[in-house]
Amino acid sequence: LFWQTPLEGIRNDIFEVTRDGTPIEYRGPMVKRGAPEPQDYAALPPGGSRSAEVDLAPAYDLSAPGSYRVRFCGRLLDVADTPPRPGEHAQRPLEVRGNPVSFRIAR
């Protein structure tokens, strides 16, 4: 299930963002949904990967100069071998901690 992952953009607090070691508060949207449909799943073959680019600026205050650190800290809401059939709601969540990325903003 690709909800609340970078594959859908930022629609929830899914990143840990710090500036000079101080956490930056999330200020983006918080989306809630009903039951997922088969099209809400992203297929990933064994050993495969998916990637996405996201713009952090609408969801986190990046206006001040400093050293930033960003890490995906989320929960895959449903990890399954195959998408569920309509009416199935047995979800298997998986906690995920991504590798941190650092960058610097200078004025």
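The model is a predicted one, in which local features need pLDDT of at least 70 and side-chain atom pairs count only at pLDDT 80 or more, while totals for chains, interfaces and linings use all residues. Residues are numbered from 1 along each chain as its sequence is written, and side-chain values use heavy atoms, with hydrogens and water left out.

Helices (H or I, at least four residues) and strands (E, at least two) are taken as DSSP runs and numbered from the N terminus. Two strands are said to pair if DSSP finds at least two bridges between them. By that rule, β1 and β3 run antiparallel and share five bridges, with Val17 sitting opposite Val70 of β3. Strand β3 also pairs with β5 (residues 101-105), again in the antiparallel sense and over five bridges.

Next comes the core. A nonpolar core is a set of buried Ala, Val, Leu, Ile, Met, Phe, Trp, Tyr and Cys residues joined through side-chain atoms within 4.5 Å. Buried stands for under 20% relative accessible area, exposed for over 50%, and partly exposed for anything in between (1.4 Å probe, protein chains only). The largest core holds 13 residues, and the members touching the most others are Ile10, Phe15, Val17, Leu56, Tyr60 and Leu62. Two or more residues come from each of β1 (15-19) and β3 (66-76), and β3 gives the most, with three residues. In soluble globular proteins, nonpolar side chains do tend to be buried together.

Counting as contacts any heavy atoms within 4.5 Å, and setting aside residues up to four places away in sequence, Ile10 touches Phe15, Tyr26, Pro29, Val54, Asp55, Leu56 and Ala59. Asn12, in the segment before β1, has a relative accessibility of 11% and so counts as buried. Beyond its neighbours within four places in sequence, Asn12 is in contact with Gln4, Tyr26, Pro29, Met30 and Val31.

Most residues other than glycine have a negative phi, yet phi of Gln4 is near 55 degrees, a positive value. Gln4 lies in the segment before β1 and is partly exposed, as its relative accessible area is 22%. Asp20 is another non-glycine residue with a positive phi, near 50 degrees. It is placed in the loop between β1 and β2 (22-23), and a relative accessible area of 53% makes Asp20 exposed.

Last come the charged pairs. Side chains of opposite charge can pair when their charged atoms come close. A salt bridge is counted when a side-chain nitrogen of Lys or Arg is within 4 Å of a carboxyl oxygen of Asp or Glu, and the structure holds three of them. In one, the side chains of Arg33 and Glu8 meet at 2.5 Å, N to O. This pair links distant parts of the chain, with Arg33 in the loop between β2 and β3 and Glu8 in the segment before β1, 25 residues apart. Arg33 is partly exposed, at 33% relative accessible area, whereas Glu8 has 12% and therefore counts as buried.

The other salt bridges involve Glu16. Arg69 pairs with Glu16, the closest N and O atoms being 3.8 Å apart; Arg69 belongs to strand β3 and Glu16 to strand β1, 53 residues apart. Both ends of this pair are partly exposed, Arg69 at 35% relative accessibility and Glu16 at 32%. Arg71 also meets Glu16 in a salt bridge, at 3.4 Å from N to O. Since Arg71 lies in strand β3 and Glu16 in strand β1, this pair ties together parts that are 55 residues apart in sequence. Taken together, Glu16, Arg69 and Arg71 are linked in a network of salt bridges.
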